[in-house]
Amino acid sequence: MPALSDTSDRPHDGFIRVRGAREHNLQDVDVDLPRDCIVAFTGVSGSGKSSLAFGTVFAEAQRRFLESVAPYARRLIAQGSTPHVDSITGLPPAVALQQRRGAPSSRSTVGTLTTLSNSMRMLFSRAGTYPSGAERLESDSFSPNTVAGACPRCHGLGTAHEVTEASAVHDDTLSIRDGAITAWPGAWQGKNLRDVTAVLGYDIERPWRELSREDRDWLLFTEEQPVVEVHPKRDRVAKPYKGRFWSARAFVLHTLADSQSETQRTKALRFVESGPCGLCGGTGLTRSALAVTVGGHTIAALNRMPLTDLADVLRPIAAITDAAPATSRASSGEHTEVAVAISQDLLTRVEVLTGLGLGYLSLDRATPTLSPGETQRLRIATQLRSGLFGVVYVLDEPSAGLHPADAESLVEVLEDLRAAGNSVFVVEHDMGIVRRADWVVDVGPGAGSGGGTVLYSGPVDGLADVQESVTRRFLLPRASDPTARTARTLVGTLELRDVSLHNLHGLDVDVPLGVLTAVTGVSGSGKSSLVGGVLPRRALDHPLVDRVVQVDQRPIGRTPRSNLATYTGLFDAVRATFAATDDARQRGWTAGRFSFNVAGGRCEVCQGEGSVSVELLFLPGSWAPCPECHGSRYTAETLEVHWNGASIADVLGMTVDQAAPFLASVPAASRALETLRQVGLGYLRLGQPAPELSGGEAQRIKLATELQRARTGHTLYLLDEPTTGLHPADVELLTEQLARLTDAGNTVVVVEHAMDVVANADHVIDMGPGGGEDGGLVVASGTPAEVAASDTSRTAPYLRDQLER
């Protein structure tokens with residue numbers, strides 16, 4: 001009988017086996033990952049954990065799936081590059097849920113984000129109760145974002161812009177010649193309209209208030225556009241011309257509707273009064289769509305309801321057992337099989353959201369008003385309710401932006417996915433979630449070139465024996481070493497009274513100045529509204545606040561041309577240094593010669609990007625290093641100039657840690673590099689493109705940029721969840737920098753869920769008690785110990801646990 005072969009590389013032994021992974025900074029990694037388990041990938045920011053989970057495992061699963069797609073169709077699918085790995089065996093299909101940051105549209109809502117609006121429109125189209133004699137509407141007719149459904153007056157926005165005499169004429173003591181009609185354009189266009197008005201017989205010399213009501217109304221609101229011949233009187237050179245008249249209202253509304261200039265549209269908004277559209281009542285829908293009901297409610301009314309109330313409306317329809325066949329022409333479509341089927345699907349999806357604690361949200365809630373925690377849970381609910389079996393879900397920091405109480409609901413979702421026969425891979429910094437995992441893969445020990453090694457792969461408890469792991473001391477439940485904290489002196493109080501914004505209604509709250517204040521509470525409790533919406537407007541009224549700085553996680557740039565060096569300003573000093581060399585002066589070059597964004601010194605083949613697009617017949621295009629500059633971005637002639645033995649391209653290729661000693665003699669660059677190292681970004685390359693940076697890295701770059709500026713005190717720094725995406729070791733570095741700001745006489749207010757940061761704050765404001773309309777109140781306020789003792793705060797138990805460690 002022949003001997004059995006080794007099964008370690010066989011694809012069906014319960015493990016995904018990765019061999020020779022070299023993506024980004026991974027150093028020829030071999031690792032075995034169990035299937036049907038929750039596997040947590042840990043490590044400091046930049047260690048390579050995302051490169052392993054997403055850049056290798058998910059990218060290879062996606063590549064294999066796309067191989068089954070016809071080559072021509074493959075060109076139409078957005079896809080990543082082939083991962084650098086020798087082999088992966090035992091790999092099932094994979095689904096990824098990655099962090100995406102962008103500017104949401106004013107038309108984006110909870111309903112559009114979760115796609116629930118699609119099913120809601122279908123419910124009204126196929127199963128709504130129509131007025132007698134009305135024709136059935138298509139589903140698009142129930143969307144304010146379509147031509148068929150948008151209100152003809154407000155174009156689906158729900159807000160109408162009206163030009164009034166008060167908005168168009170700001171000083172009625174002026175004459176038309178002196179600019180009484182402020183809404184008219186300036187320069188030649190304004191002069192033209194004044195000359196046309198004079199030709200039409202109106203007195204442009206009399207004060208506006210002395211004109212008759214009939215004349216004023218015609219000049220401001222008429223739809224007529226007469227064309228007359230104008231004979232310039234003060235310009236002997238100009239010839240007569242035909243001039244068209246525009247009323248103030250016609251000109252402003254034309255600018256808002258048709259101008260391609262954002263500046264012109266913004267200017268035009270100064271001359272209108274905005275409010276709910278009178279035709280659609282602010283719903284953005286046509287009257288025919290608002291005439292259809294389900295359960296006695298219009299689609300606008302259901303969209304305004306909290307999800308918990310919406311579920312109550314859908315539940316009776318979904319429970320109907322004697323529904324009429326779909327072909328029946330029942331007087332009410334709510335009692336048909338179609339109505340029951342759509343309602344059951346809607347109810348199931350809504351209950352997923354309410355189970356994640358989002359029952360207070362409504363479908364018409366605009367996404368720009370959502371907190372980061374709310375947005376994160378909506379995306380998770382949307383992606384994870386598909387009911388797939390036998391796949392690998394790869395999630396990027398699913399707990400980002402979540403309160404510890406909300407994170408518990410998230411863990412239950414992950415466990416349900418595992419119980420359904422799936423594998424769950426999470427890149428995670430929340431040690432509470434990592435402790436609930438079945439398996440942990442710790443990548444490190446450092447970041448960048450100092451990481452890329454799998455230090456441990458196995459059950460969570462086994463990480464205790466890995467001394468070189470930075471994660472180990474944060475994961476294990478043991479008492480931390482006490483740290484000496486210097487009590488900071490309160491220099492004043494910013495008293496906010498009768499604050500109203502979003503779910504804040506008449507709120508009174510005191511924010512101490514000169515100290516570190518943490519604002520806590522469950523997602524949607526009003527933290528971001530208070531810190532990001534109210535404080536920036538009210539703070540400058542206080543005599544002890546000279547400047548307000550908001551530091552968020554939005555990207556530092558959208559294109560590869562924006563990078564670490566350009567954003568912090570240190571590249572200006574580097575270019576000036578190269579321009580000051582003898583070689584550059586002899587050639588007559590200035591600092592502009594060493595920019596890769598303008599013609600002259602950059603490589604014109606790749607336009608200074610360092611790479612070019614390669615089109616392949618019937619296959620997806622790819623990017624390759626520029627054949628001319630080989631990725632350096634510059635011409636060969638530019639690279640001939642050296643400073644201290646390095647070219648400008650060599651400097652961009654250095655990490656922050658490498659560049660710090662090299663540029664020590666350049667004060668502006670040295671100061672920037674030192675602050676970047678202090679916030680733990682020493683592993684980043686100076687030329688690293690902005691799109692490659694994580695949200696946590698972007699925020700620390702912004703904070704470092706602020707830290708390098710001369711500090712005079714009396715600045716209010718506002719940070720919205722600054723620890724999102726940061727390893728606990730990185731959080732320690734961030735906390736030290738926040739302490740530096742307060743020690744210099746500044747005030748720092750942070751929206752925060754990380755209890756280690758909250759425990760080290762001087763003052764805590766806990767919002768709640770719930771989210772949405774159940775929030776918006778100050779539940780507890782005081783020192784961390786005082787808030788931890790509260791009986792009504794949902795934050796208190798987690799803060800108390802942190803303080804006891």
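This is a predicted model: local features need pLDDT of at least 70, side-chain atom pairs count only at pLDDT 80 or more; totals for chains, interfaces and linings use all residues.
Figure 1. Leaving aside residues up to four places away in sequence, Thr795 touches His403, Thr520, Gly521, Met755 and Asp766.

**Figure 2. Cysteines around Cys277.** The structure holds 0 disulfides. Cys151 is in none, and the nearest cysteine sulfur to that of Cys151 belongs to Cys277, 3.8 Å away. The sulfur of Cys277, in turn, has its closest cysteine sulfur in Cys280, at 3.8 Å, which is too far for a bond, because a disulfide requires two cysteine sulfur atoms within 2.5 Å. Cys151 is buried, with a relative accessible area of 1%, and Cys277 likewise counts as buried, at 2% relative accessibility.

Figure 3. Taken along the principal axes, the C-alpha atoms fill a box of roughly 105 × 90 × 65 Å. The radius of gyration of the protein chain is 31 Å, which agrees with the value near 28 Å that a compact globule of 805 residues would have. Buried residues make up 50% of the 805 residues, and of the contacts with a separation of 6 or more, 67% are between residues 24 or more positions apart. The accessible surface comes to about 36,800 Å², with 51% of that area belonging to carbon and sulfur atoms.

Definitions and conventions:
Residues are numbered from 1 along each chain as its sequence is written. Side-chain values use heavy atoms; hydrogens and water are left out. Buried means under 20% relative accessible area, exposed over 50%, partly exposed in between (1.4 Å probe, protein chains only). Contact means heavy atoms within 4.5 Å. The radius of gyration is taken over C-alpha atoms; the globule rule is 2.2 Å times the number of residues to the power 0.38. Accessible areas come from the Shrake-Rupley method with a 1.4 Å probe; for residues, only the protein chains shown count as cover.
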